[in-house]
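Reader: Could we go through this model together, beginning with the terms?

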Amino acid sequence: MRPIELSPRLTALAQQVPENARFADIGTDHARLPVWLLEHGVISRAIAADLRSGPLDRARETARRHNVSERISFRFGDGLQPIQPDEADVIAIAGMGGETISDILLAAPWVAERDILLLLQPMTSAPKLREWLSGHCFRICGERLVQEEENLYVILTVRPGRMPELSRAELWAGCQERGMEEPLRGDYLALMIGRVKHAADGLRRSTRIEDAARLAEQATLLRELEHMKEEWDTWQM
Ligand SMILES: C[S@@+](CC[C@H](N)C(=O)[O-])C[C@H]1O[C@@H](n2cnc3c(N)ncnc32)[C@H](O)[C@@H]1O
């Protein structure tokens, strides 16, 4: 059997798992990520958890085909509930909405009290997830962007701790600094600008009074994001 292949998104996640991590994959579905890490000797054991039995069956099947079943502990349950606090020091929660990810963390307060590396990959609502993290004693240590077909995905590397307050534009697009290596950041900023413009267009057509205030907020956010993009483009010259 050839080693399992990963998509660019899962490859980027795998690259951030340190060697010998006690790794747990929450919402594992097909368990591709833990199976790849085991096959490549990055880790020696893993926990693969999922809320639904269908995905967990798929995870067992992948592990069986790749001969790593004995090294994966399969857990059925919601979020981090099937995991004991001392069982993992690197936890991936990937391929879900940002609000689901924050709900999972909210239900497991022990995570914020331990030296744990979180690899969070929200499919939607990344701004809400950044906001939730900054308000709940988590620190975003890094962000990585990955392109897969026409989609851009963000992976947040997060640890318990405090971080400086993020501006609204930073909640939307993450932080940037001169010299930062992120070839896809210009595209990501353009994507966020497009989304905010689209939302502002919708509000402009609205006749509801409260939408006028929201439109003003969106206009400010748009200016901040455009300024960020100009700054980023200047740094690339
Ligand atoms: C789209 S798949 C992502 C699979 C894999 N993590 C990836 O990134 O490719 C999402 C998986 O998360 C699981 N899931 C959703 N909410 C969950 C929760 N609260 N706890 C555990 N698993 C959950 C779903 O059952 C599904 O298998």
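Author: Two strands count as paired if DSSP finds at least two bridges between them. Helices (H or I, at least four residues) and strands (E, at least two) are DSSP runs, numbered from the N terminus. This is a predicted model, in which local features need pLDDT of at least 70 and side-chain atom pairs count only at pLDDT 80 or more, while totals for chains, interfaces and linings use all residues. Residues are numbered from 1 along each chain as its sequence is written, and side-chain values use heavy atoms, with hydrogens and water left out.

Reader: Which residue stands opposite Ile 140 in strand 7?

Author: That residue is Val 158. Strand 7 (residues 151-160) runs antiparallel to strand 6, and ten bridges join the two.

Reader: In what order do the strands of the sheet come?

Author: The sheet is open and has seven strands in the order 3-2-1-4-5-7-6, with mixed pairing. Strand 3 (72-76) and strand 6 (138-148) each have a single partner strand, so one side of each lacks a neighbour in the sheet. From one strand to the next, the twist averages 20°.

Reader: Which strands does helix 3 touch?

Author: Helix 3 (residues 53-65) packs on the sheet against strand 2 (46-50) and strand 3, and its direction makes about 170° with that of strand 3. Contact means heavy atoms within 4.5 Å. Axes are lines fitted to C-alpha atoms, for helices over the stretch in contact, and angles run from 0 to 180 degrees between N-to-C directions.

Reader: And which strands does helix 7 touch?

Author: Helix 7 (residues 185-205) packs on strand 6 and strand 7, and its direction makes about 100° with that of strand 7.

Reader: Changing topic, what volume does the largest pocket have?

Author: Its volume is about 440 Å³. A pocket is an open set of points on a 1 Å grid over the protein atoms alone, where a 1.4 Å probe fits, with protein on both sides within 12 Å along at least five of seven lines; lining residues have an atom within 4 Å of a point. Grid points are joined across faces, edges and corners, and a volume is the space filled by probe spheres set on the points. Of the 30 lining residues, Ile 26, Gly 27, Thr 28, Asp 50 and Met 96 are the closest to the centre.

Reader: Which element gives the largest share of the second largest pocket's lining?

Author: Strand 6 does, with seven residues. That pocket holds about 370 Å³ of space.
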